[in-house]
Amino acid sequence: MNEETLQQALSTAERLCAQRGVRFTAQRRRVLELVCRAQRPVGAYEILDQLCEGATAAPPTVYRALDFLLGQGLVHKLETLHAFIGCTHPEHPHASQFLICNACGRVNELENEAIAGSLRALEQETGFRPERPVIEVLGTCAHCTHKTQKP
């Protein structure tokens, strides 16, 4: 994420937290910044290591900040990777789909209405109520596929 995009993400987070009446503390801001700066999904202990540079932080500090950011829809947790990424559109609640490249680690967040609609239809048919309708698809991105297919 470039610096301009990072600053936009942090400004959006500040604005959304103010609108929602929740505190966007310096610690929460810093954790969000570290997640957004990462070029790939980042784990809680990686965040902790970066927070500890020049300061002292404990795992509960990071987990509390991540829980807050998750609750506000500012980050997503990728269960298959046990890692976090910044949300590309935190302005509204949404069912996300993620394409995760096994080769390079890139993650693309989608908000495909057809997939979300299928989940809603499934809920109506079965009565099953998803609490976190997130879909993670592991595979190989177009860039990596192209690299491996070169003669």
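The points below describe a predicted model of one chain, from its overall layout to single residues.

1. Basis. Residues are numbered from 1 along each chain as its sequence is written, and side-chain values use heavy atoms, with hydrogens and water left out. As this is a predicted model, local features need pLDDT of at least 70 and side-chain atom pairs count only at pLDDT 80 or more, while totals for chains, interfaces and linings use all residues.

2. Confidence. pLDDT is the predictor's confidence in each residue, from 0 to 100. The chain has an average pLDDT of 91, and 97% of the residues score at least 70. Confidence is highest in strand 2 (residues 83–86), at a mean of 96, and lowest in helix 6 (residues 142–149), at 88.

3. Layout. The chain has six helices and five strands. Both kinds of element are DSSP runs numbered from the N terminus: helices are H or I with at least four residues, strands are E with at least two. Read from the N terminus, the order is α-α-α-α-β-β-β-β-α-β-α. The C-alpha trace spans about 50 × 45 × 30 Å along its principal axes.

4. Of the 151 residues in the chain, 33% are buried; buried means under 20% relative accessible area, exposed over 50%, and partly exposed in between (1.4 Å probe, protein chains only). Contact means heavy atoms within 4.5 Å. Among contacts between residues at least 6 apart in sequence, 47% join residues at least 24 apart.

5. Helix 2. Helix 2 (residues 26–37) has 12 residues, and its first and last C-alpha atoms are 16 Å apart, close to the 16 Å expected at 1.5 Å a residue. The expected span is 1.5 Å times one less than the number of residues. V31, L32, E33, L34, V35 and C36 are buried in this helix. Its buried residues pack against helix 1 (3–20), helix 3 (44–51), helix 4, strand 1 and strand 2. E33 is one of them; it has a relative accessible area of 15%, and beyond its neighbours within four places in sequence it is in contact with L6 and L10.

6. T25 lies in the loop between helix 1 and helix 2. A polar atom of the T25 side chain lies 3.2 Å from the backbone nitrogen of R28. This is a polar contact, that is, a pair of N or O atoms within 3.5 Å; within protein, one must be able to donate a hydrogen and the other to accept it, and residues adjacent in sequence count only if both atoms are side-chain atoms. T25 and A65 are 40 residues apart along the chain, and their C-alpha atoms are separated by 9.1 Å.

7. Q72. This residue is in the loop between helix 4 (59–71) and strand 1 (75–78). Q72 counts as buried because its relative accessibility is 16%. Leaving aside neighbours within four places in sequence, Q72 is in contact with R20 and V22.

8. V75 stands opposite G86 in strand 2. Four residues lie between the strands, and H82 takes a positive phi near 50 degrees. In strand 2, A83 and I85 point one way and F84 and G86 the other, and all are buried.

9. Three strands form an open sheet in the order 4-3-5, with mixed pairing. Strand 4 (107–110) and strand 5 (135–139) are at the edges with a single partner strand each, so one side of each has no neighbour in the sheet. Strand 3 (residues 97–101) runs parallel to strand 5, joined by five bridges, and antiparallel to strand 4, joined by four. C101 has G139 of strand 5 as its bridge partner, while I100 stands opposite V107 in strand 4.

10. Strand 4 and its turn. The hairpin of strand 3 and strand 4 has five residues between the strands, and G105 takes a positive phi near 85 degrees.

11. Helix 5. The 14 residues of helix 5 (residues 113–126) should span 20 Å at 1.5 Å a residue, and the end C-alpha atoms are 20 Å apart, which agrees. At its start, a side-chain oxygen of N112 reaches to within 2.8 Å of the backbone nitrogen of A114. G127 follows helix 5 and has a positive phi near 80 degrees.

Conventions:
Pairing = 2+ DSSP bridges.
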